[in-house]
Amino acid sequence: MFEPLEYEFFVRGLIAATVVGALCGLIGVYVVLRKMSYIGHGLSHAIFGGAVVAYVMSLNFYIGASIWGFFSAVLINLTTRQRRFIAADAAIGIITTASFALGVALISRYRTFTRSFDAALFGNILGVDNNDLYAIIGVTVLTFIAIGFMYRRLLFTTFDPEVAPFFGVSTTWIDTMFSLVLAGAIVVSLQVLGATLIAAALVIPPITARLLTDNFSRMMFLSVFIGAACGFTGIYVSYFVDVSSGASIVLVSTAAFMAAMLASVVRDHLATMRGNEALATAPLEPGVTKEVIYD
Amino acid sequence: MLHPQPHDTTQTDTIVELRDVTCGYSGQIALRNVSLRIPRGDFVGLVGPSGAGKTTLLRTILGAVDIYDGEALVDGRKAGQASVGYVPQLEAIDWNFPITVEQVVMLGRAGQGWLPWQSRAARDEAYEVMRRLGIDHLGKRQIRALSGGQQQRTFLGRALFSSPTMLLLDEPTAGVDIKTRDEVLHLLDELNHDGVTIIMTTHEVNAVAAHLPWVVCINGTIIAEGPPGEVYTPEILARTYNAKMTVISHDRMTLVAETPHHIGAHAASRHRTGPRHV
C-alpha cells in the first residue's frame, strides 16, 4: 500500500494529480453550468498551439501557453456574447481548432523540438518535476483565491448573465477574469492529464456532484472533493494496474459518476415509492378515485 | 379587485423622466419621441402588442439601450446610474440550475462586497424580504421545485433585496394561471402601498384596468397614458393594437373584449349550445 510512496517521482505525481483534480473540479462547476463543457477539450488543444508558438519564440512554456489560452478563451466568450446566434460550442470549435492547426503547422515547419509535446497531448505525470509542481500549486492557490473573491459575481453571471449588469455585476469583466483563470488551470493541468483528457477532469466531477445536490455551494465543495479524490485514487490505481496515469484518473472519475448516477436513480425511485405509499394511505374525499403512479 | 392608489398628477417628486427620447439597439430605432413622467410611489402598467417597445421602455429606464435623441433621467440622474430593481421575464431562466431560493434572493447584492458569503445582517435582511413575500419557508428549496407564483416571488425577492428606488417588472403575469396572476398583482399592490414605485409591462389589459391606477399604451411610441377608464377607448386601443376592440364599462369597471369573428354555419353546427357536464 505505501510502497509507491518510497519513490519521489510517484509522490510528486500523486500531489500533482490530487491538486489538479481539485482545481479542475472547482473550475469545472462553472464550465458545466455555463454549458461550455467542450471548452476543456478545445482550450487544451488551443494551448497546445500556444505552447509551440512559445517554443518557436523561445518563451517560457507556462507564460506562452497561458497568454495564448487566455486570449483564446476571451475570443470564445466575445464571439458567443457578441453574436448570440453563434453558440459556445461552435465558437470553441472554430477558435481552438485554428489554434491547434497553427501548432501542428509550426511543428511541421520547425522539426527541432527538445520539449516533449507528446506529454502536452497525452500527459506525463511521472515526468512532473519540482518546477511543474510549484506552478500547479501556485496556480491552484491563486485560482481558489480569485474564485473566492468573485464567487457571488461568478454565480450571477453564470446563472443569469443578461440580468447581472442591472445588479451592478459586469458580465464582461467577470467573463474576462474567468477566461484568465480557466486558461491558467488548463495550462498547469496539461502536464498531468494531457490535452486529450483534460475535458474529462473538467466535466466529470461537477456533473457527478450535480447528481448529488441541488445546491450550488454544496455542488462546488463536492466537485472539488470528487476531483481531488479521483486524482489521488487514479494515480494509485495506475501504479498497481500499470496503465497510463491520465487514463486511470479519467476511468476512476467515470466510475464515481456511474455510482452517483445509480444512487440518484435509486433515490428518485424510493421517493416515487414513498409518494405512492402516502397517496395510497391518504384519506380521500367522497367520489375521488385513487391513481397509483408506477415509474 | 384591488384598490390602487390614485395616480397623483400634481405630485412633483418625479422618479422617471423621459424627455423626447428616441432609442433602440445597434442603430435600429425601437421607440420614437417618447416623453413620460412618472411620480414617485406610482404603479404604472405598460401595454401594447408584441414588438411595440414595452421591454425597450423598461430597458431605457435601466440605461440598457442606445439613446439617439432626448434624455432619460431616473431619480434625477442619468438612466443606468440609479438603483433599480429589475425582474426579467422568467422564460429565459434555467430552472435546472442548482440554486436555491435564498441563493437567488441574495444575488440581489452580488455586486456589493468581495467576500464569498453574505454577512449575518445581510442574510437576516434577505430572510426579512422573503418573509414579506411569503417564501421564507422555501429558502432551501431548488427553484424548479416551486409553483409559478413562488418562482415569481423569488425573483421579486432578488430585486427587492438590492434595496432599489423602484421596481421594473417585465411581464410578471406571463404564462401563469389566473390564481397566480391575481396573487402576484395583489403582492405588487401591497408593495406599492408600502411606497415602492412599480412599472410593469403586461399583455393583460383587463388585469391592468382592474388593479393599476395608471396605464401607458405603447406602439413604437406612446399612444396615450392615463387612468385605464379614460385610456381604454376603442379609438386608442385600435391605434395601440392595430385591431378593432370593444370596450365595456360596468359598475366603474372597464373591460376590453375581443371582437369575435363570424363563425361559419358549418363550424357552428358542430358545437352544441349550453355547457357540457362531466
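## Stop one: an asparagine in chain B

Start by selecting Asn33(B), which is partly exposed, with 13 other C-beta atoms within 10 Å. Bear in mind that you are looking at a predicted model. Asn33(B) sits in strand S2 of chain B, residues 28-39. Check its backbone: phi is positive, about 45°, although Asn33(B) is not a glycine. As background, most residues other than glycine have a negative phi.

Now jump to Asn242(B), another non-glycine residue with a positive phi, here about 55°. You'll find Asn242(B) in the loop between helix H8 (234-241) and strand S11 (245-250) of chain B. Is Asn242(B) buried or exposed? Asn242(B) is exposed, with 10 other C-beta atoms within 10 Å.

Leu62(B) is partly exposed, and 19 other C-beta atoms lie within 10 Å of its own. The cut-off for buried is 20 or more. Which residues does Leu62(B) touch, beyond those up to four places away in sequence? In chain B they are Ala79(B), Gly80(B), Val84(B), Tyr86(B) and Leu168(B), and from chain A there is Phe166(A).

Next, pick Ile61(B). Leaving aside neighbours within four places in sequence, Ile61(B) is in contact with Val16(B), Ala72(B), Val74(B), Ala79(B), Val84(B), Leu168(B) and Ile199(B).

## Stop three: the nonpolar core and the interface

Ile61(B) also leads you to the largest nonpolar core, which has 155 residues. Highlight Val20(A), Ile27(A), Ile47(A), Ile61(B) and Ile199(B): these touch the most other members of that core. Helix H1 of chain A (residues 8-33) gives the core its largest share, 15 residues.

Now show both chains. How many residues of chain B are in contact with chain A? There are 17 of them, meeting 21 residues of chain A. Colour the chain B side by class and you get 11 nonpolar, six polar and no charged residues.

## Stop four: chain A as a whole

Chain A has 10 helices and zero strands. Its C-alpha atoms fill a box of roughly 85 × 55 × 35 Å along the principal axes. Of the 295 residues in chain A, 48% are buried. Look at the contacts between residues at least 6 apart in sequence, too: 72% of these join residues at least 24 apart.

## Stop five: helix H1 of chain A and its partners

Select H1(A) together with helix H6 of chain A, residues 130-159. Their axes come within 10 Å and cross at roughly 20°, so the two helices are roughly parallel to each other. The crossing is left-handed. On the H1(A) side, the contact residues include Arg12(A), Val20(A), Ile27(A) and Leu33(A), while among those of H6(A) are Asp132(A), Ile136(A), Phe144(A) and Thr158(A). By class, this contact has 16 nonpolar, three polar and two charged residues.

H1(A) and H9(A) pack at about 150°, with their axes 7 Å apart, so they are roughly antiparallel to each other. This time H1(A) passes its partner in a right-handed crossing. The contact of H1(A) with H9(A) divides into 17 nonpolar, nine polar and no charged residues.

## Last stop: helices H3 and H7 of chain A

Finish with H3(A), residues 61-82, and H7(A), residues 171-193, whose axes come within 8 Å and cross at roughly 140°. That angle makes H3(A) oblique to H7(A). H3(A) passes H7(A) in a right-handed crossing. Zoom in on the contact: the H3(A) residues include Tyr62(A), Gly69(A), Phe70(A) and Asn77(A), and the H7(A) residues include Asp175(A), Ser179(A), Gly184(A) and Val187(A). The residues of this contact divide into 10 nonpolar, six polar and one charged.

Note on methods:
Residues are numbered from 1 along each chain as its sequence is written. Chains are lettered from A and ligands numbered from 1 in the order in which they are written. This is a predicted model: local features need pLDDT of at least 70, side-chain atom pairs count only at pLDDT 80 or more; totals for chains, interfaces and linings use all residues. Two residues are in contact if their C-beta atoms, placed from the backbone, lie within 7 Å. Ala, Val, Leu, Ile, Met, Phe, Trp, Tyr, Cys and Pro count as nonpolar, Asp, Glu, Lys and Arg as charged, and the others, Gly among them, as polar. A nonpolar core is a set of buried Ala, Val, Leu, Ile, Met, Phe, Trp, Tyr and Cys residues joined through C-beta atoms within 7 Å. A residue is buried if 20 or more other C-beta atoms lie within 10 Å of its own, exposed if 12 or fewer, and partly exposed in between; C-beta atoms are placed from the backbone. Helices (H or I, at least four residues) and strands (E, at least two) are DSSP runs, numbered from the N terminus. Axes are lines fitted to C-alpha atoms, for helices over the stretch in contact, and angles run from 0 to 180 degrees between N-to-C directions. Angles under 35 degrees count as roughly parallel, over 145 as roughly antiparallel, 65 to 115 as roughly perpendicular and the rest as oblique. A crossing is left-handed if the near helix is turned anticlockwise from the far one by less than a right angle, and right-handed if clockwise.
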